[in-house]
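Colleague: I would like to learn how to read a model of this kind feature by feature. Could we take the general idea each time, and then the case at hand?

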Amino acid sequence: MLRDGFIHADGYTRRVEVVKAYHSKDSFGDLDVIFESDHLPHNFAEHLKRLFNPKEMVPNGKVYSLEYKEFQIDVILTPTSEFAFARTYYAFNDLGNLMGRIAHKFGLKYGHDGLWYMYRDGTHLVDELNVTMNVEDVFRVFDFDYSRWCEGFDTLEDVFQFVAKSKYFNPDIYLFDQMNHRSRVRDAKRATYNKFLEWCALHRETTWKDRKFYQFKPRKQDNLPWLFNQFPGFRDKWFDAYHKKLENADMRTKFNGDLVSEWSGFTDKMLGAFMKDLRNHFGTTEEFRTFVAAASPEMIRDYVTEELQTWTFDG
């Protein structure tokens with residue numbers, strides 16, 4: 001019933017693709033299906049039920065899990081703009097995750113929705129910058145053979161070999177002590193990931209004895225000049241975020257919790273609710289930011305004290 005191709009319904013043509021697996025895989029706990037989600041009807045869940053007549057169907061965010069002939073099918077709703085990345089990232093077990101560890105060492109996040117850069121100011125996330133939505137660019141930059149990927153893989157070892165052929169491959173970056181807590185807990189539960197670690201340990205003692213592995217820069221930000229050259233459009237996005245960070249710092253000197261507490265006398269929940277309403281008064285976050293950036297400290301104080309006269313706490 002499920003084949004790669006297109007579904008024509010409700011006046012729209014939607015792409016559907018079964019997530020690729022290596023050819024010799026002998027067991028499938030479930031079947032993952034990527035389903036193009038643009039312009040879905042509001043009663044899409046009912047369409048699925050009529051199509052499969054499942055014993056049970058469980059929605060979980062953008063995934064519908066259903067039982068069909070004692071087989072679990074996960075329908076993954078995916079926007080058209082992300083379809084190419086989703087079909088690549090989800091394919092061949094943990095391949096996307098293994099490739100993503102290399103991207104991570106360069107300061108990027110490779111996932112089902114694209115290649116991203118998390119621009120932070122300390123621990124504060126300033127902006128999420130899309131680096132590219134071109135899958136082949138990712139393969140080229142990180143030295144993965146896209147044409148080989150398109151051929152598919154016969155065995156899990158073929159998948160592992162594919163990762164190890166990148167000139168940026170270094171088995172050390174896959175060790176659990178190189179990860180944050182969240183990634184460590186997630187990957188420790190993944191059977192394929194653990195098999196990959198065992199495979200790497202074996203080859204360290206044999207075929208890789210004399211191999212010189214790529215050494216990543218200690219500071220990820222030192223990779224930025226190289227990334228700007230590899231992804232030309234990323235440079236402008238990064239500098240836009242940089243200026244936004246500077247603007248945020250200036251804004252915090254004129255509008256912050258300490259100042260509003262001083263002007264209003266509020267603390268804790270009441271202070272938080274008041275500041276939220278001060279922002280929402282402008283309709284959008286961008287309009288509020290524009291006001292704070294342009295206003296003098298005196299104008300902002302006057303705005304706060306004026307709103308204070310009519311504001312009530314809803315608790």
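**Cores, helices and a sheet**

Modeller: The largest nonpolar core has 53 residues, and those with the most contacts inside it are Phe 142, Tyr 174 and Phe 234. The largest share of this core, 6 residues, comes from helix H6 (residues 156–164). This is a predicted model, in which local features need pLDDT of at least 70 and side-chain atom pairs count only at pLDDT 80 or more, while totals for chains, interfaces and linings use all residues. Residues are numbered from 1 along each chain as its sequence is written, and side-chain values use heavy atoms, with hydrogens and water left out.

Colleague: What is a nonpolar core, and what does buried mean?

Modeller: A nonpolar core is a set of buried Ala, Val, Leu, Ile, Met, Phe, Trp, Tyr and Cys residues joined through side-chain atoms within 4.5 Å. Buried means under 20% relative accessible area, exposed over 50%, and partly exposed in between (1.4 Å probe, protein chains only). In this model there is also a second, separate core of 17 residues, which includes Met 251, Val 260, Leu 271 and Phe 291.

Colleague: With which residues is Tyr 174 in contact, leaving aside its neighbours within four places in sequence?

Modeller: Contact means heavy atoms within 4.5 Å. On that basis, and with neighbours within four places in sequence left aside, Tyr 174 is in contact with Leu 98, Arg 101, Ile 102, Val 163, Phe 169, Met 179, Tyr 193, Phe 196 and Leu 197. Val 163 is also one of the buried residues of H6, together with Leu 156, Val 159, Phe 160, Phe 162 and Ala 164. The buried residues of H6 pack against helix H3 (95–105), helix H4 (135–141), helix H5 (146–151) and helix H8 (191–204). Helices (H or I, at least four residues) and strands (E, at least two) are DSSP runs, numbered from the N terminus.

Colleague: How should I read the sides of a helix, and which residues of helix H11 are buried?

Modeller: An α-helix has 3.6 residues a turn, so residues three or four places apart point the same way. In helix H11 (residues 257–264), the buried residues are Val 260, Trp 263 and Ser 264. They cover an arc of only 85° around the axis (taken from the directions from the helix axis to the C-beta atoms), which puts them on the same side of H11. The face of H11 turned away from that buried side carries the exposed residues Asp 258 and Glu 262. Helix H10 (232–254), helix H12 (268–280) and helix H14 (297–308) are among what covers the buried residues of H11.

Colleague: What is found at the start of H11, and what just after H11?

Modeller: At the start of H11, a side-chain oxygen of Asn 256 reaches to within 3.0 Å of the backbone nitrogen of Asp 258. Just after H11, Gly 265 takes a positive phi of about 85°.

Colleague: Which residues other than glycine take a positive phi?

Modeller: Among them are His 39, with phi near 60°, and Asn 93, with phi also near 60°. His 39 has its place in the loop between strand S3 and helix H1, and counts as exposed at 54% relative accessibility. Asn 93 lies in the loop between helix H2 (83–89) and H3, and is partly exposed, with a relative accessible area of 23%.

Colleague: How do I read a sheet, and what is the strand order in the open sheet of 3 strands?

Modeller: In a regular strand the side chains alternate between the two faces of the sheet. Two strands pair if DSSP finds at least two bridges between them. Here the open sheet of 3 strands has the order S7-S8-S9, with antiparallel pairing. Strand S7 (109–111) and S9 stand at the edges, each with a single partner strand, so one side of each is left without a neighbour in the sheet. The twist averages 30° from one strand to the next.

Colleague: How many bridges join S8 and S9?

Modeller: Strand S8 (residues 114–121) and strand S9 (residues 124–132) pair in the antiparallel sense over 7 bridges. Arg 120 stands opposite Leu 125 in S9, and Asp 121 stands opposite His 124. The hairpin has 2 residues between the strands, and Gly 122 takes a positive phi near 70° there.

How values were computed
Polar contact = N/O pair within 3.5 Å; in protein donor to acceptor, adjacent residues only side chain to side chain. Axes fitted to C-alpha atoms, helices over the stretch in contact; angles between N-to-C directions.
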